[in-house]
Amino acid sequence: MKNVTMIPATISRMTQTPINEQVKRKVAAYARVSTDQEEQLTSYEAQVDYYTGYIQSREDWEFVSVYTDEGISGTNTKHREGFKSMVEDALAGKIDLIITKSVSRFARNTVDSLTTIRKLKDNGVECYFEKENIWTFDGKGELLITIMSSLAQEESRSISENVTWGHRKRFADGKVMVAYSCLLGYEKGPEGGLVVNEEQAKIVRRIYRMFLEGITCFSIAKQLTAEGIPTPMGKEKWRANTVESILTNEKYKGDALLQKKYTVDFLTKRMEKNTGQVPQYYVENDHEAIVSREVFEAAQQEMARRRRGNKRYSGVGIFSSKIVCAECGGYYGAKVWHSNDKYRRVVYRCNRKYDNGSKCSTPALSEDEIKEAFLKAVNILLADKKELIQDIEELRDMLCDNDGREEERTELRAEMTVLVEAIEAAVSENARVAQDQKAYQKKYNELARRYEETKSRYDELGEQIADNLARREKLTLFIKALKKQDAVTEFDDAVWSTFVESVRVRTKEDITFVFRDGTEITV
């Protein structure tokens, strides 16, 4: 007959040491709150005090530390420095047991939670979740943690959706939320909302003025850096894309486009540019403008002009990207002749003169020749200044009237809203109710066609309105310059930048100056 004798365990499952040895478990706690709000910080301090006292009250435990994270989301462990430090110490043998309030405090992401717990378990480190009374060395511990982590993750998803809904509701109500620290020229007012910071606003206006005078974003950034002017984020060095973001931000004309980005994944908090995936809201006249609508639209037109075609725009010098080859359409650029001898001189020549094996016949011009030709052209323009100003003012009022276009665009916007709702209703009904698919497809196609036609006209009107505003600003500035300017006897950089739109060179005897109002004079 078999005789089975049980041999009792001699190693403690908790401490991995002989049972008869008095070895204390090295115990740490983890506390986290997910916002920086005052009431949450009170909860955070309470957690730290509670676990410090709780661990130190046990004779068989040795207090290690309370690891903490303040104002950090629990949906992933990527940016939780306190949590990562605790896990590193545990894996290094400094901790035997980790205590935390609940599974949701540990992580709201099921994968992160289980991965971390298994890694700790493999290294002999146990976790205890007080609220759920779960010990990870317990046989049913992992099952319970999986369930609780899933519930916590679902709770996090629900909270994220509620927050997103709240944001979109505020957007729909026209309530603007802004990262003030990233917006040069504005600060938060006493009642919320954007209030102009006049000192910073001067820099913004200067950026727009320099850009419209022909200077590149790179050169503007270089100049602002050299003068020690801080960026919107308070950094010393300006970059071209920072300048460009100021030039294209609609907030500087008093409007606000809401929901430019949206959250793709509530766990990773990853955001992407909104290109139509979720609704956007455009709020007109939300706050005080720093630049006029005309100046803003003129900047957008100038930005588009510089990006257009295969000509590389350069704003390094006053003649850069102004002088154009009449033969190939390329810009003239500065070239140095005889750079290493006493005959050294700088000339301007078509940048594409020798491209693709074909040679442009247009001539190179010296700086003096350009200046001399400009003086002739501008004085011809100024000879009949009073009559010219009157003509431009009449032209501006006639060509730049947007009243009819604005009304039509408002009607089209309302029609688009109705069509979108009809399309969504049709798709939803087709998903729920069995119906003739040919009839459904015909209905859907007709709604989609009407929407595309309406949107196309809406966008076309928007471009026309923007063009008119930019043209009005250009003509207004030109009229102001004309009123101040008398006959020119010497070349002046400011007069050149203000008056000249472009210069077409065919021969040295055929140079056409195109002025800001569209007037062309050949000298």
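Valine 336 stands opposite valine 346, a residue of strand S14. The model is a predicted one, in which local features require pLDDT of at least 70 and side-chain atom pairs count only at pLDDT 80 or more, while totals for chains, interfaces and linings use all residues. Residues are numbered from 1 along each chain as its sequence is written, and side-chain values rest on heavy atoms, with hydrogens and water left out.

Two strands are said to pair if DSSP finds at least two bridges between them. S14 also pairs in the antiparallel sense with strand S15 (residues 365–366), over 2 bridges. In this second pairing, tyrosine 348 stands opposite leucine 365 of S15.

The chain as a whole contains 14 helices and 18 strands; these elements are DSSP runs numbered from the N terminus, helices being H or I runs of at least four residues and strands being E runs of at least two. Of its 523 residues, 40% count as buried, where buried means under 20% relative accessible area, exposed means over 50%, and partly exposed lies in between (1.4 Å probe, protein chains only). The accessible surface of the chain comes to about 30400 Å², and 49% of this belongs to carbon and sulfur atoms; such areas come from the Shrake-Rupley method with a 1.4 Å probe, and for residues only the protein chains shown count as cover. Among contacts (heavy atoms within 4.5 Å) between residues at least 6 apart in sequence, 60% join residues at least 24 apart.

An open sheet of 5 strands shows mixed pairing and the order S2-S1-S3-S4-S5. Its edge strands, S2 (61–69) and S5 (134–135), each pair on one side only. Helix H2 (residues 81–91) packs on this sheet, where it touches strand S1 (25–32), S2 and strand S3 (97–100), and its direction makes about 150 degrees with that of S2. Such angles run from 0 to 180 degrees between N-to-C directions, the axes being lines fitted to C-alpha atoms, for helices over the stretch in contact. Strand S4 (residues 126–129) runs antiparallel to S5, and 2 bridges join them; tyrosine 128 stands opposite tryptophan 135 in S5.

A salt bridge, defined as a side-chain nitrogen of Lys or Arg within 4 Å of a carboxyl oxygen of Asp or Glu, connects the side chains of arginine 25 and glutamate 126 at 3.1 Å, N to O. Arginine 25 lies in strand S1 and glutamate 126 in strand S4, so that distant parts of the chain, 101 residues apart, are linked. Both arginine 25 and glutamate 126 are buried. By the same rule, the count comes to 22 salt bridges.

A second open sheet, of 4 strands, has the order S12-S16-S17-S18 and mixed pairing. Strand S12 (323–325) and strand S18 (520–522) stand at the edges with a single partner strand each, so one side of each is left without a neighbour in the sheet. From one strand to the next, the twist averages 25 degrees. Strand S17 (residues 510–515) and S18 pair in the antiparallel sense over 3 bridges, with valine 514 opposite glutamate 520 in S18. Helix H10 (residues 367–383) packs on the sheet and touches S12, strand S16 (500–507), S17 and S18; the direction of H10 makes about 55 degrees with that of S17.

Glutamate 393 forms one with lysine 483, the closest N and O atoms being 3.6 Å apart. Because glutamate 393 lies in helix H11 and lysine 483 in helix H13, the pair ties together parts that are 90 residues apart in sequence. Glutamate 408 forms a salt bridge with arginine 457, with the closest N and O atoms 2.9 Å apart. This pair links helix H12 (residues 403–432), which holds glutamate 408, to helix H13, which holds arginine 457. Glutamate 408 is partly exposed, with a relative accessible area of 27%, and arginine 457 is partly exposed at 28%. Glu408, Arg457 and Glu460 are linked in a network of salt bridges.

Glutamine 485 lies in the loop between helix H13 (437–484) and helix H14 (493–499). Glutamine 485 is buried, with a relative accessible area of 19%, and touches Leu382, Lys385, Val495 and Phe499, residues up to four places away in sequence not being counted.
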